[in-house]
Amino acid sequence: PAKDAVQQLNFWSDKTVAVVAQGLIDFLDRYEGQLDNVGIGVGDTTSFQQYPEQTLAFEYAPGLFVQPSDPLYFTTVYFTFINRVAQIVGQQHPNVTINVMSYNWTEPAPLCDIEDNICILFAPAQEDITDPINTTVTSTNNSSFQYLETWKQKTRNIIIYNYYGCFLPSKEYPRPIGAR
């Protein structure tokens with residue numbers, strides 16, 4: 001895409017934080033007392049571009065910066081955005097958890113901390129349920145499970161989202177695979 005093409009929300013923008021937070025607050029207000037979880041996420045987008053922001057160092061905490069060349073740059077930008085939304089929503093709805101997928105480019109844990117009212121839905125989209133999740137072989141589709149180690153350092157609010165045989169093994173194995 002062209003450098004000026006915007007593929008989704010500007011995660012660097014204070015205005016975007018305010019709009020997304022207010023949308024969640026309005027939604028939760030509508031169902032006051034009925035919901036204790038709400039989900040937001042990037043869905044199936046595998047990347048995003050925002051110029052010139054993505055070419056600049058990003059301050060994810062006071063005095064702490066991540067550079068665009070860092071492999072954790074985009075996941076840190078994204079989860080800093082999510083943290084800021086969660087802080088605002090938490091002021092109005094302190095008993096609500098925001099569920100956010102760690103998926104595709106957000107599988108690696110970010111450099112930033114994670115707010116207490118966020119639950120990470122770790123979603124290894126290419127998971128192969130015929131291989132163990134604790135593999136150390138980086139060529140397997142389950143190598144992304146290694147990211148759980150750093151996620152566990154960020155939060156104890158983690159759920160593993162399982163695609164349940166939708167990808168590679170779906171032609172060879174019925175569901176469910178008992179050992180899993």
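This report covers the overall make-up of a predicted model and its aromatic ring pairs.

## Fold and surface

The protein chain contains three helices and six strands. Read from the N terminus, the order of these elements is α-β-β-β-α-β-β-α-β.

Of its 180 residues, 41% count as buried. The accessible surface of the chain is about 10300 Å², and carbon and sulfur atoms hold 51% of that area. Among contacts with a separation of 6 or more, 66% are between residues 24 or more positions apart.

## Aromatic pairs

A pair of aromatic rings is described by the distance of the centres and the angle of the planes. The structure has eight aromatic pairs. In one of them, Trp 12 and Tyr 73, the ring centres are 6.4 Å apart and the planes meet at 40°, so the pair is tilted. This pair joins distant parts of the chain, 61 residues apart: Trp 12 lies in the segment before helix 1 (14–30), and Tyr 73 belongs to helix 2 (residues 73–92). Trp 12 has a relative accessible area of 15%, under the 20% limit, and is therefore buried. Tyr 73 is also buried, with a value of 0%.

The rings of Tyr 78 and Trp 105 have centres 5.5 Å apart and planes at 75°, which makes the pair edge-to-face. Here too the partners come from distant parts of the chain: Tyr 78 is in helix 2, whereas Trp 105 is in the loop between strand 4 (97–103) and strand 5 (118–123), 27 residues apart. Both Tyr 78 and Trp 105 are buried.

## Ring cluster

Tyr 78 and Trp 105 also belong to a cluster linked by ring pairs, together with Phe 11, Phe 79, Phe 81 and Trp 151.

Technical notes: Residues numbered from 1 in each chain as written. Predicted model: local features only at pLDDT ≥ 70, side-chain atom pairs only at ≥ 80, totals over all residues. Heavy atoms only, no water. Phe/Tyr/Trp six-rings, centres within 6.5 Å; stacked < 30°, edge-to-face > 60°. Helix = DSSP H or I, 4+ residues; strand = E, 2+ residues; numbered from the N terminus. Buried < 20%, exposed > 50% of the residue type's maximum accessible area, 1.4 Å probe, protein only. Contact = heavy atoms within 4.5 Å. Areas by Shrake-Rupley, 256 points an atom, 1.4 Å probe, with all protein chains shown as cover.
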